[in-house]
Amino acid sequence: MAHWLMKSEPDVYGIAHLEADGTTLWDGIRNYQARNFMRAMTLGDRAFFYHSNATPPGIVGLMEVVETGLIDPSQFDPASPYFDPKASREAPRWDCVRLRYQRSFRQMLSLASLREQFDAEALPLVRRGSRLSILPVTEASALRIYGLLGEAP
C-alpha cells in the first residue's frame, strides 16, 4: 500500500463533501505529472486529503483508492472548466481515480507544522513554490504524519 497527498480547495470540494458523498472521482487534474501519479496508484492505496488555498492549509483526512485506470469524463464536456478540446473518446488524455472517504482527522496538520517537521526531500509538499496537486508520500513520512496527528495508520 502506497501513500499519496491529494490537494483540493475546501470550498470547491473539501473533506466534508467527500464524507457526505462517500466516494468521488478525482477528476479535473490537468498536469501530466499529477496524472502520471494517479496512473501509478493501486487499489487500497491511501491518500491524505489536503485542504489547499485555505487559512491555514493542511492535511485534514484520509481517503482510499477504490478504482483506478478511469477516464476523466470532464475532458469531453464543453461546459466543464476542465474541458480539453484536444481530447477525444478514442484518444483520451486525462485519467482519474475513485476515492472513498476513510476518516477526518481530529485536528488539522497545517502546512506550517509540516514545514517544521519535514524537509523537501522527505515531503515534497514543503518545498517553496510546490504547486503539484498530487504527490507521493514515502512510507516513513506517512508514518510520521500519522504520529504527528496522533492517529493510527
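In which strand does C96 lie? C96 lies in strand β5. The model you are looking at is a predicted one, so keep that in mind as you explore.

Let us stay with C96 for a moment. Its relative accessible area is 1%, so C96 is buried, because buried means under 20%. Apart from its neighbours within four places in sequence, C96 is in contact with L25, W26, D27, M38, G69, L70, I71, D72 and P73.

Six strands make up an open sheet, in the order β2-β5-β4-β3-β1-β6, and the pairing in it is mixed. At its edges are β2 (23-25) and β6 (134-137), each of which pairs on one side only. On average, neighbouring strands of this sheet are turned by 35° against each other, with direction ignored.

Strands of a sheet pair through backbone hydrogen bonds, and the pairing is either parallel or antiparallel. In a regular strand, side chains alternate between the two faces of the sheet.

**Following the strand pairs**

Begin with β2 and β5, which pair in the antiparallel sense over three bridges. One place to look is L25, whose bridge partner in β5 is R98. L25 is also one of the residues in contact with C96.

Next come β4 and β5, where β5 covers residues 95-110. These two strands are antiparallel and share 10 bridges. Here G58 has S110 in β5 as its bridge partner.

Then move on to β3 (residues 46-51) and β4 (residues 58-71), which run antiparallel and are joined by six bridges. Across this pair, Y50 stands opposite I59 in β4. Together β3 and β4 form a hairpin, with six residues between the two strands. In the turn you will find N53, which has a positive phi of about 50°.

**H51 in strand β3**

Is H51 buried or exposed? H51 lies in strand β3, and its relative accessibility is 11%, so H51 counts as buried. A polar atom of the H51 side chain lies 3.1 Å from the backbone nitrogen of I15. Not counting residues up to four places away in sequence, H51 touches S8, P10, G14, I15, P57, G58 and V60. Among these, G58 is the residue that pairs with S110 in β5.

**Aromatic pairs**

How many aromatic pairs does the structure hold? The structure holds five aromatic pairs. In one of them, the rings of W4 and F37 have their centres 5.9 Å apart and their planes at 50°, so this pair is tilted. The pair links distant parts of the chain, with W4 in strand β1 and F37 in helix α3 (residues 32-40), 33 residues apart. Both W4 and F37 are buried.

Another tilted pair is formed by F48 and Y146, at 5.2 Å centre to centre and with 55° between the planes. This pair also links distant parts of the chain: F48 is in strand β3 and Y146 is in helix α5, 98 residues apart. F48 and Y146 are both buried. Ring pairs also bring in F105, linking F48, F105 and Y146 into a cluster.

**Helix α5 and what follows**

Y146 brings us to helix α5. This helix (residues 139-149) lies across β1 (3-8), β3, β4, β5 and β6, and runs at about 40° to β5. Elsewhere in the model, R144 has its charged end over the ring of F118, 4.5 Å from the ring centre.

E151 is found in the segment after α5. With a relative accessibility of 13%, E151 counts as buried. The side chains of E151 and R103 are joined by a polar contact of 3.2 Å. Leaving aside neighbours within four places in sequence, E151 is in contact with R103, F105, R106 and Y146. Two of those residues, F105 and Y146, belong to the ring cluster with F48.

Terms used: Residues numbered from 1 in each chain as written. Predicted model: local features only at pLDDT ≥ 70, side-chain atom pairs only at ≥ 80, totals over all residues. Heavy atoms only, no water. Pairing = 2+ DSSP bridges. Helix = DSSP H or I, 4+ residues; strand = E, 2+ residues; numbered from the N terminus. Axes fitted to C-alpha atoms, helices over the stretch in contact; angles between N-to-C directions. Contact = heavy atoms within 4.5 Å. Buried < 20%, exposed > 50% of the residue type's maximum accessible area, 1.4 Å probe, protein only. Polar contact = N/O pair within 3.5 Å; in protein donor to acceptor, adjacent residues only side chain to side chain. Phe/Tyr/Trp six-rings, centres within 6.5 Å; stacked < 30°, edge-to-face > 60°. Lys NZ or Arg CZ within 6 Å of the ring centre and 35° of its normal.
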